[in-house]
Amino acid sequence: MKMSSVNIAAVVITVFHVFIIGITFWLYGVPESNLEKYLFIALVLLLIVDFFVFTPYGEKWKNNYILINLSLFCSLYLLNFGLQYVTKGQHTSSFEKRALLAKEFGVEFDKRSRQEVVDELIEKGVDAYPVMLENMDEKIVTFSSISNSCVVAGNEGGKFAIHETDRLGFNNPDEVYDHKMDAVFIGGSFVNGYSVSQGKDVSSIMRSRGFNVVNFGIGGGGPLGKLAVLREYASRLRPKIVLVSCFEALDLMTLRSELKSAILLNYLNDENYTQSLADRVGEVDSILKERVMKARKASKRKEKTDGYILNTVRLDTLRRYLKLIFAGAEGASPNLKKVPLKELRNIFILARQTVDQWGGKIVVVYMPHTDFYSSPDGKDVDYYRKDVLSMLDDIGIYAMNYHTVISKHDDPLSLFPFRMSETSHFNEKGYRLWADFVLDELRKNELIKE
């Protein structure tokens with residue numbers, strides 16, 4: 001039986017819609033906040049094609065068009081709801097997973113939200129705030145928390161990590177600047193000490209070993225942000241050694257977002273560019289406090305069901321099942337298509353040149369992705385590790401690879417809270433091992449002496 005032109009049109013539009021939806025899902029390689037943009041673009045494309053291609057078929061095709069779309073979208077959402085029911089409890093948040101694991105380990109787990117902890121500290125007269133991340137604004141990009149304040153970070157081991165920030169807004173005792181400087185450690189949340197109490201982060205442990213290190217770690221910071229921190233803060237101290245962490249996979253993903261910031265691009269395109277943040281601490285604090293207030297008001301306006309509704313609208317359960325979503329808390333693999341290796345190379349060249357100006361030495365501390373340590377078959381997960389390490393060697397930057405130590409450890413999972421390496425930072429044991437590894441490598445390369 002011959003297909004009518006209307007039926008042919010219906011088949012074509014169905015195939016096209018499925019194609020657009022599939023492309024939309026695959027474009028999810030960028031951070032999740034951009035997914036809505038791609039959905040909007042997809043819908044606009046559908047409307048344009050529908051108007052110019054299918055309108056000539058008249059009223060009859062419109063009925064088929066409506067029926068096809070309703071059937072398609074109803075099927076997708078019914079499948080999503082079905083998967084939500086079947087997999088209920090299998091995709092709990094990492095916070096919920098830790099709370100359950102705490103029971104198994106016999107550890108009391110603080111189930112309060114970070115904001116609740118902050119509020120209780122404020123009630124006691126403490127100048128407390130949530131920990132800050134690298135914040136990309138159109139007018140100013142910040143890389144610190146609020147200075148001289150109490151900062152509430154993460155809860156991965158049962159208790160929230162609480163830090164007192166220094167004069168610049170970093171996790172250091174303020175007197176660290178008053179003594180002879182051996183090194184600075186620039187990095188993300190691992191360097192910051194997001195999951196451990198004050199004095200237990202890698203820089204603090206190194207200081208306890210007699211090596212004076214300033215912690216310039218900021219959560220969410222990527223390679224371009226680390227170059228900015230080097231120029232804004234570290235260059236003023238001119239330390240003999242500049243340690244820079246490079247986190248496997250995540251740094252490359254974060255860099256893709258950073259390259260969209262006009263301000264951050266200035267650090268890459270102009271070797272003399274600076275926002276003079278160290279001279280604008282008061283202004284930075286005011287901006288960060290305003291952001292905290294806005295975020296707090298926004299969170300109060302949201303209903304508890306907002307997250308569930310948004311996840312349902314985005315078909316998160318279906319996309320997760322089809323492995324079309326990157327969600328570290330669920331253990332999905334990072335999407336590393338079109339990684340900016342060329343830009344990463346240029347960033348490290350600029351960083352090396354900056355440190356060379358005062359006769360210092362830049363050393364990269366390579367951090368492996370934690371997927372490997374939770375892999376059932378123990379299979380190594382290499383997210384451009386060889387490419388990055390080879391690139392660093394090619395441009396004359398020494399890199400120490402922490403994976404060489406963890407992979408040979410008798411019990412790698414013991415280095416993470418509740419033996420949960422996915423989406424986790426190190427526990428105190430992991431940080432001690434990391435600090436000793438860095439110091440040992442510096443001694444082997446005669447960068448420090450006993």
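Visitor: In this predicted model, which class of relative accessible area does arginine 209 fall into: buried, partly exposed or exposed?
Guide: Buried means under 20% relative accessible area and exposed means over 50%, with partly exposed in between. Arginine 209 has a relative accessibility of 40%.

Visitor: How many residues apart in sequence are the parts that the pair of aspartate 436 and arginine 209 ties together?
Guide: The side chains of aspartate 436 and arginine 209 form a salt bridge, at 3.0 Å from N to O. Aspartate 436 sits in helix α18 (residues 428-444), while arginine 209 sits in the loop between α7 (202-208) and β7 (213-217). The pair therefore links parts whose separation in sequence is 227 residues.

Visitor: Is aspartate 110 buried or exposed?
Guide: Aspartate 110 meets arginine 112 in a side-chain salt bridge of 2.7 Å, N to O. Aspartate 110 has a relative accessibility of 17%, and the cut-off for buried is under 20%, so aspartate 110 is buried.

Visitor: What is the distance between the closest N and O atoms of aspartate 411 and arginine 419?
Guide: Aspartate 411 is partly exposed at 26% relative accessibility, and arginine 419 is partly exposed at 37%. The two form a salt bridge, and their closest N and O atoms are separated by 2.8 Å.

Visitor: Which residues do salt bridges with shared partners join into one network?
Guide: The structure holds 15 salt bridges. Through shared partners, salt bridges join into one network the residues Asp110, Arg112 and Glu120.

Terms used
Residues numbered from 1 in each chain as written. Predicted model: local features only at pLDDT ≥ 70, side-chain atom pairs only at ≥ 80, totals over all residues. Heavy atoms only, no water. Salt bridge = Lys/Arg side-chain N within 4 Å of Asp/Glu carboxyl O. Buried < 20%, exposed > 50% of the residue type's maximum accessible area, 1.4 Å probe, protein only. Helix = DSSP H or I, 4+ residues; strand = E, 2+ residues; numbered from the N terminus.
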